[in-house]
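Dear colleague,

Please have it open while you read.

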Amino acid sequence: MTKHPSMPAVSFDNLAIQYGADDIINALVGFVAQITNPQSSRQQIAIAGMQIHLPMTSVPVFHRICISNPTHHEYSDTPNLLDAVHIQPARVDSRGQTTAGRFDTVLVDIGNGLSSDVSNLRVAQVRVVFSLKDHHCERLFGKLHTEVATHLAYVQWFSKVMPSSQHRLYKLKRCYIRDADTNYRGAEVIPVNKIRCSIQLFPQFGSGTAPRQWTPDNILEECETFYANPFTSDYTYGLL
């Protein structure tokens with residue numbers, strides 16, 4: 001991570017509008033409740049979250065994560081693989097041209113970090129990377145504030161990876177949660193250090209022609225079913 005944020009303060013409202021982090025307040029409250037109530041059930045954590053009030057209305061935001069991963073070669077002098085995850089909203093340049101936003105997809109370690117089993121990995125799209133100021137962190141987490149990760153990410157989940165027997169690509173769908181008559185994307189706040197690497201997704205085209213409205217800039221929003229490509233790097237291939 002860079003020493004200084006890309007944006008020193010972005011309001012929660014703008015995170016929803018510009019970054020697509022629609023449920024970031026509830027996700028952050030849930031993260032705080034989970035950290036401060038580690039032995040509680042999911043229902044107890046939800047109840048505890050109702051008592052949490054965020055002491056801020058904005059957070060510092062980062063637009064890039066840099067990751068250095070070891071290769072799977074047996075030679076010790078092989079250099080690490082450098083990986084970058086981009087998280088940046090649409091913007092207008094000096095000539096008035098709009099550059100589309102970019103919110104990369106990643107592999108997240110949902111286990112304890114000790115197992116390389118694929119069942120402990122899950123694909124997510126990163127919508128926001130942010131940090132909490134020290135006094136806010138201390139107020140939210142109390143004595144546990146020194147154990148909380150410095151950088152956090154709001155991610156939207158895909159379904160668990162299911163390998164295909166034909167081509168070893170992993171089929172994925174957007175993860176949705178139903179609330180009353182509304183479906184919304186399943187999302188959480190996680191520590192950035194849970195992100196193992198970026199991952200490339202291919203849209204599932206089917207037997208017909210691809211919808212004309214699909215473009216490189218909107219494909220992650222328009223398409224619902226993808227394949228995760230394990231062949232993009234030596235490190236990704238070793239994980240999947």
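Which residue in S7 does isoleucine 87 stand opposite? The residue opposite isoleucine 87 is phenylalanine 103.

Before going further, please note that this is a predicted model, in which local features need pLDDT of at least 70 and side-chain atom pairs count only at pLDDT 80 or more, while totals for chains, interfaces and linings use all residues. Residues are numbered from 1 along each chain as its sequence is written, and side-chain values use heavy atoms, with hydrogens and water left out.

The sheet

Strands S3, S4 and S7 form an open sheet in the order S3-S4-S7, with antiparallel pairing (strands are DSSP runs of E with at least two residues, helices are runs of H or I with at least four, and both are numbered from the N terminus). Strand S3 (64–69) and S7 are the edge strands, each of them pairing on one side only, where pairing requires that DSSP finds at least two bridges between two strands. Between strand S4 (residues 81–88) and S7, the antiparallel pairing runs over two bridges.

Helix H1

In helix H1 (residues 12–19), the buried residues are Phe12, Leu15 and Tyr19 (buried means under 20% relative accessible area, exposed over 50% and partly exposed in between, with a 1.4 Å probe and protein chains only). Because these residues cover an arc of only 65 degrees around the axis, they lie on the same side of H1, the arc being that of the directions from the helix axis to the C-beta atoms. The face turned away from this buried side carries the exposed residues Asp13 and Ile17. Among the elements that cover the buried residues of H1 are strand S1 (7–11), H2 and strand S9 (121–131). Just after H1, glycine 20 takes a positive phi of about 75 degrees.

Helices H2 and H3

Helix H2 (residues 24–36) packs with helix H3 (residues 42–49) at an angle of about 115 degrees, and their axes are 9 Å apart (axes are lines fitted to C-alpha atoms, for helices over the stretch in contact, and angles run from 0 to 180 degrees between N-to-C directions). On the H2 side, Val29, Gly30, Ala33 and Gln34 meet Ile45, Ala48 and Gly49 of H3, contact meaning heavy atoms within 4.5 Å.

Threonine 225

Threonine 225 lies in strand S18 (residues 225–229) and is buried, with a relative accessible area of 12%. Leaving aside neighbours within four places in sequence, threonine 225 has contacts that include Lys171, Phe202 and Pro203.
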